[in-house]
Amino acid sequence: MSGIAKRSVSIRGHRTSISLEKPFLQELEAIARRQNMPLATLIAEVDENRSADNNLSSELRLHVLRDLKARLEETNGKA
């Protein structure tokens, strides 16, 4: 079982915590590395663009899904 990972991050000077399943957190870290940015910066960008209806952890999961789908489409388009 993957378990839940809890992280405390600073977003625009305010501390907040997120709870994500470890595979989602690992994928977020990989996205941040590919974009050459700290994980906290990626989280802040996702937070800035999220709908008020979604909590941050849910929006981060959706961000991972969108990124994976985009990369899959890119890979399939090159085949």
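## Helices, burial and salt bridges: how do we know?

Student: How do you know that the span of α1 agrees with what 13 residues should give?

Tutor: At 1.5 Å a residue, the 13 residues of α1 should span 18 Å, and the end C-alpha atoms of α1 are 18 Å apart, so the two agree. Keep in mind that this is a predicted model.

Student: What comes just after α1?

Tutor: Asn36, which takes a positive phi of about 55°.

Student: Which residues of α1 are buried?

Tutor: Leu25, Glu27, Leu28, Ala30, Ile31 and Ala32.

Student: Glu27 is on that list. Why is Glu27 called buried?

Tutor: Glu27 has 19% relative accessibility, and buried means under 20%. The value falls under the cut-off, so Glu27 counts as buried.

Student: What makes the pair Glu27 and Arg34 a salt bridge?

Tutor: Their closest N and O atoms are 3.9 Å apart. The cut-off is 4 Å between a side-chain nitrogen of Lys or Arg and a carboxyl oxygen of Asp or Glu. So 3.9 Å is within it, and Glu27 and Arg34 form a salt bridge.

Student: Is Arg34 buried, partly exposed or exposed?

Tutor: Arg34 is at 41% relative accessibility. Exposed needs over 50% and buried needs under 20%, so at 41% Arg34 counts as partly exposed.

Student: Let's move to α3. Where does Asp67 lie, and what does Asp67 contact away from its sequence neighbours?

Tutor: Asp67 lies in helix α3, residues 56–78. Leaving aside neighbours within four places in sequence, Asp67 is in contact with Glu27, Ile31 and Arg34.

Student: Why does Asp67 count as buried?

Tutor: Asp67 comes in at 16% relative accessibility.

Student: How are Asp67 and Arg71 placed in the helix?

Tutor: Both lie in α3, 4 residues apart, about one turn of the helix. An α-helix has 3.6 residues a turn, so residues three or four places apart point the same way.

Student: What makes Arg71 partly exposed?

Tutor: Its relative accessible area is 31%.

Student: How many salt bridges does the structure hold?

Tutor: There are 9. One of them is between Arg50 and Asp47, at 2.6 Å from N to O. With a cut-off of 4 Å, that pair qualifies.

Student: Buried or partly exposed: how do Asp47 and Arg50 come out?

Tutor: Asp47 is at 15% relative accessibility, so Asp47 counts as buried. Arg50 is at 29%, so Arg50 counts as partly exposed.

Student: Why is Val46 called buried?

Tutor: Val46 has 6% relative accessibility, so Val46 counts as buried, the cut-off being under 20%. Val46 lies in helix α2, and beyond four places in sequence Val46 is in contact with Glu59, Leu60 and His63.

Student: Which residues have the most contacts inside the largest nonpolar core?

Tutor: That core has 18 residues, and the ones with the most contacts inside it are Ile11, Ile18, Leu28, Leu42, Ile43, Leu56 and Leu60. β1, β2, α1, α2 and α3 each supply at least two residues of this core, and α2 gives the most, with 5. As for Ile43, beyond four places in sequence Ile43 touches Val9, Ile11, Ile18, Leu56 and Leu60.

Student: How much of the whole chain counts as buried?

Tutor: Of its 79 residues, 32%.

Conventions:
Residues numbered from 1 in each chain as written. Predicted model: local features only at pLDDT ≥ 70, side-chain atom pairs only at ≥ 80, totals over all residues. Heavy atoms only, no water. Buried < 20%, exposed > 50% of the residue type's maximum accessible area, 1.4 Å probe, protein only. Contact = heavy atoms within 4.5 Å. Core = buried A, V, L, I, M, F, W, Y, C linked by side-chain atoms within 4.5 Å. Expected span 1.5 Å × (residues − 1).
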